Amino acid sequence: VAIYSMLIHGLCKAQKIDDACKFFEQMKEKGCRPNVVTYTALIGGLGKARRLADAVLYYEEMQDQGCTPNVVTYSTLIDGMGRAGEVEKACKLFGEMKSRGCCPNVYTYTSLIRVLFKAGRVDLAWEAFNEMKCRNQVPNVFTYNVVIDGLLKVKRFQDALHVCQEMCRTDSRPDQVTYNTLISGLGKAGHLYEAQELFHQMKEKGPSPNAITYAAMIDMLGKAEHVNEAVNFFVEMKIKGFMPDVVCYSSLIDMFGKVGQLLEAKRCFEEMRKQGCKRNVVVYNCILDALGKAGYVDEVALTFKEMQQEGFVPDVFSFNVVIDAYCNAGDLKEAQKLFEEMKEKGCYPDLITYSTLIKGLAEVGRMAEAARLFEEMEATYHA
RNA sequence: GAAAAUCUAUUCCA
């Protein structure tokens, strides 16, 4: 059983979740009874793959088999529920485990807090954070980082600061992630100066900046349109030996697009290939937007085709960007074609898709069609 | 032999 569990865990880690499931079924056929570790490994793998329904099935199956979930199982499943956006279910499970006499540990609380913050239930998250301390579950670096990130994202800077101070008094001293969290949180709130201060602090007394720190700085400066500074950080990070990843390139391309430096955006996009940095849908969306905003619809069309040829499946963002480009070029026909295409492909238009197309129709005076689309939108999103 | 991977990127309008 231990060997099977190990293998299943390995398959899950390697994102080969279907193989893990198959393997799991095989082991049962061969008469080897999975234990709580096996089930938990599989539930964890399914949760990370956002396959909550299957995870829950196995959770039920294990109980039918007389295998009792333990604190690891509960924590794992709460995390999976969070990834699937099922806050209520996560809370319910948390209550259930307690009533069954299973004591939540640091992992459980950290997962729960993260789930609650992500769902915008800040007060409940805060409550859980206090509850864990009352129950003598000592928050660790992960817990603190999750709490600080959650507070910053809802702009509760004072509270975040207090948590930082509390953290400094414990054994869980702030690490790179803590600093990165603070830098990006402050950056998003427009506190560039404070973020830069923190960056210098990192350089002077550690923990030293890593690739993500640089990426966060570059993104922040890019959004503030401080192009030269962003580029300086980009150069510096490469000198320090950090390979910019696809996220970092996306920030740069987006920045160049927004400030109208299309050539630079394209250069970055090409540089990625030379550096062997793999592209993804997001970075394609960035370059599509840059091209579109500069008015190069033909290149948008070419690049849109290229991304699909390379095996990327356009998402709502991609369609919205491309539809916007066509609308701004006055080519409503093509925009509407894409609108239909996305529906056919199972990529459902969202509110942004509708407003983009409505705006496009209105701008060329096709008010009746715009109104009709508006009704369609209301019908879809008000039901 | 099982659990948090915690932090960085993209679309309309404002």
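This is a predicted model: local features need pLDDT of at least 70, side-chain atom pairs count only at pLDDT 80 or more; totals for chains, interfaces and linings use all residues.
1. Let's start with a pair of helices. Two packed helices are described by the angle between their axes and the distance between the axes. For helix 12 (residues 192-205) and helix 13 (residues 211-223), the axes come within 11 Å and cross at roughly 155 degrees. Angles over 145 degrees count as roughly antiparallel, so helix 12 is roughly antiparallel to helix 13. The crossing of helix 12 and helix 13 is left-handed.

2. Who does the touching here? On the helix 12 side, look for Leu192, Ala195, Gln196, Phe199, Met202 and Lys203. Helix 13 brings Thr213, Tyr214, Met217, Met220 and Leu221 to the contact. Sorted by class, that contact of helix 12 with helix 13 has eight nonpolar residues, two polar and one charged.

3. Buried in helix 21 are Thr353, Tyr354, Thr356, Leu357, Ile358, Gly360 and Leu361. What do the buried residues of helix 21 pack against? They pack against helix 19 (316-328), helix 20 (332-344) and helix 22 (367-381).

4. Is Thr108 buried or exposed? Thr108 has 0% relative accessibility, so it counts as buried. Leaving out residues up to four places away in sequence, Thr108 touches Val71, Ser75, Ile78, Phe94 and Met97.

Notes
Residues are numbered from 1 along each chain as its sequence is written. Chains are lettered from A and ligands numbered from 1 in the order in which they are written. Side-chain values use heavy atoms; hydrogens and water are left out. Axes are lines fitted to C-alpha atoms, for helices over the stretch in contact, and angles run from 0 to 180 degrees between N-to-C directions. Helices (H or I, at least four residues) and strands (E, at least two) are DSSP runs, numbered from the N terminus. Angles under 35 degrees count as roughly parallel, over 145 as roughly antiparallel, 65 to 115 as roughly perpendicular and the rest as oblique. A crossing is left-handed if the near helix is turned anticlockwise from the far one by less than a right angle, and right-handed if clockwise. Contact means heavy atoms within 4.5 Å. Ala, Val, Leu, Ile, Met, Phe, Trp, Tyr, Cys and Pro count as nonpolar, Asp, Glu, Lys and Arg as charged, and the others, Gly among them, as polar. Buried means under 20% relative accessible area, exposed over 50%, partly exposed in between (1.4 Å probe, protein chains only).
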